[in-house]
Amino acid sequence: MKRTAVAVSAVVLLLPLGACGGDAEAGSRSTVTVTVGYQSKTINTVTAGTLLRSLGYFEQELDSLHDGHTYKVAWQDYATGAPITAQMTAGKIDIGSMGDFPLLINAARGKQLGRPTHLVSVTGYNLRGGLNTIVTAPDSKLASLRDLAGKRVSTSVGSAADGTLVRALQRAGIDPGKGIEKLNQQPAVGASALAAGSTDALSQFVAWPGLLAFQGRAKALYDGAQLNLPTFHGVTAREDFAKTRPAVLEAFLKAQERATDYLNEHPVTATEKVAQATGLPAEVVYLYNGAHGISTFGPALKPQLVSALKQDVSILKSAKLTGDVDVDSFVDDQYAKKALGEAGYARRLAATPPPAASEVWPKGTRKTRTFTSPVELLAYVAKHADGIRAGYVPDATTGTLWFADKAVWVADGAKLLPFVAPATAQAYVDGHVGARVITYAEALERAS
């Protein structure tokens, strides 16, 4: 009997203090561990991941619940959404953030395995699709999507970037299944393959295209915003967790709202926090998350984003990655509405992206300068060539922000117009007599 008692005591001592959404007795209180899966380098999820974690807002909101529990947050960082879904369906992650295509796979896998999940909020979005870009090597002769026929293209199958690739190829008249050799690779592996010359192009999501362009390791071939279809990342939660601990999920969404406000009110400081946490260059983070960046942040589940999600289902079905997905039952805004309040949620729902603008980040300052036109930006850069940390200009056709020195420039009389990709620049030239593509150096000289 004594041996049995000792054995039982030992087992009790070895039990963990908490599990996903679970309790463990600790004196008169219990400890609840909430596990959050996020993607630190997918920087338009930062309001539900990297930035939120650095600000400590979720822990603060949990501390304010005063419900007799002690809360612990376990943050788990991943490169893509697929492993987050795997952990959620295994009951090991409570809340996760990922892109639109992975969200659909999350919904399908959850239902299939009896662990249903729900999309409860949005992190960052672009209403035209500019979060995804197809890039080539800096010295590549490829100039348009049609040039990809028969070529090797790296992407992460089932990702938002893969969806952009499939749609873009279809519009270019290329069979995405047979017209190219698709390499299914993680973003970092694809970037290495592009550098090694073992792939001809790379289709990836934020922040990889901007990072590679900034580092001089790639140049843009196709701007995802040419599709004019919304793309976004969002927050998904396990249904059983949401029903068992609705106050905890609402605390997360309140914290996300606070992180969104922080990012919008302090874009440079938020950028530096994310850069420090991820190791990404701050200039690249700002391209996407800045005051006029490619990504707009807001937690509301906008109708146009839900509509885009429904259109994405057919792409995944054709790739045999999912069957039918009931998007309407997957989307659940009740928790966000309660967390933000009806008026607050309505305000977020009605919010629109800031207007496109040219912007310079001078060296040695935490403030940026905004200009009404790319020509004004060029004139400023020409006068302060040694004092510029980064310059950003919106594509003249799509509005997608890009690095000024990496853009394709067109001179049309007195106008100097930037484009992300060569094909869109050439399309403008073809439609405007006298217009021509010029170098960045020529653009600076003309503006000075």
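Before I point at any strands, one term: two strands count as a pair if DSSP finds at least two bridges between them. Helices (H or I, at least four residues) and strands (E, at least two) are DSSP runs, numbered from the N terminus. With that in hand, look at strand β13, residues 358–362, and strand β15, residues 388–394: they pair antiparallel over four bridges. Val 360 has Gly 391 in β15 as its bridge partner.

A word on where this comes from. It's a predicted model, where local features need pLDDT of at least 70 and side-chain atom pairs count only at pLDDT 80 or more, while totals for chains, interfaces and linings use all residues. Residues are numbered from 1 along each chain as its sequence is written, and side-chain values use heavy atoms, with hydrogens and water left out.

Now the overall picture. The protein chain has 19 helices and 19 strands. Along its principal axes, the C-alpha trace spans about 95 × 50 × 40 Å. The radius of gyration is 23 Å, which agrees with the value near 22 Å that a compact globule of 448 residues would have. That radius is taken over C-alpha atoms, and the globule rule is 2.2 Å times the number of residues to the power 0.38.

Back to the sheets. The pair I started with sits in an open sheet of four strands, in the order β14-β13-β15-β16, with antiparallel pairing. At the edges stand β14 (369–371) and β16 (401–403), each with a single partner strand, so one side of each has no neighbour in the sheet. Neighbouring strands here are turned by 25° against each other on average, direction ignored. For angles, axes are lines fitted to C-alpha atoms, for helices over the stretch in contact, and the angles run from 0 to 180 degrees between N-to-C directions. Helix α12 packs on this sheet, touching β13, β15 and β16, and its direction makes about 25° with that of β15. Contact, by the way, means heavy atoms within 4.5 Å.

There's another open sheet, this one of three strands, in the order β18-β17-β19, also with antiparallel pairing. Its edge strands are β18 (415–419) and β19 (436–438), each pairing on one side only. β17, residues 408–412, is joined to β18 by five bridges, and Asp 412 has Lys 415 in β18 as its bridge partner. Which helices lie across these strands? Helix α17 (374–383) lies across β17 and β18, at about 95° to β18. Helix α19 (440–447) lies across β17, β18 and β19, at about 95° to β19.

On a 1 Å grid over the protein atoms alone, a cavity is a set of points where a 1.4 Å probe fits but cannot get out; a pocket is an open set with protein on both sides within 12 Å along at least five of seven lines; and lining residues have an atom within 4 Å of a point. Grid points are joined across faces, edges and corners, and a volume is the space filled by probe spheres set on the points.

The largest pocket has a volume of about 360 Å³. Its lining has 22 residues, and nearest its centre are Thr 80, Ala 82, Pro 102, Val 157 and Gly 158. Helices α4 (82–89) and α5 (100–112) each supply at least two of the lining residues. By class, the lining is eight nonpolar, 13 polar and one charged. Ala, Val, Leu, Ile, Met, Phe, Trp, Tyr, Cys and Pro count as nonpolar, Asp, Glu, Lys and Arg as charged, and the others, Gly among them, as polar.

The second largest pocket comes to about 280 Å³. It has 16 lining residues, with Asn 126, Ile 294, Pro 353, Pro 354 and Gly 399 nearest its centre.

And how many cavities of 30 Å³ or more does the structure hold? Two. The largest is about 90 Å³, and among its 15 lining residues, Thr 164, Arg 167, Leu 229, Pro 230 and Thr 231 are closest to the centre. Its lining includes four charged residues.
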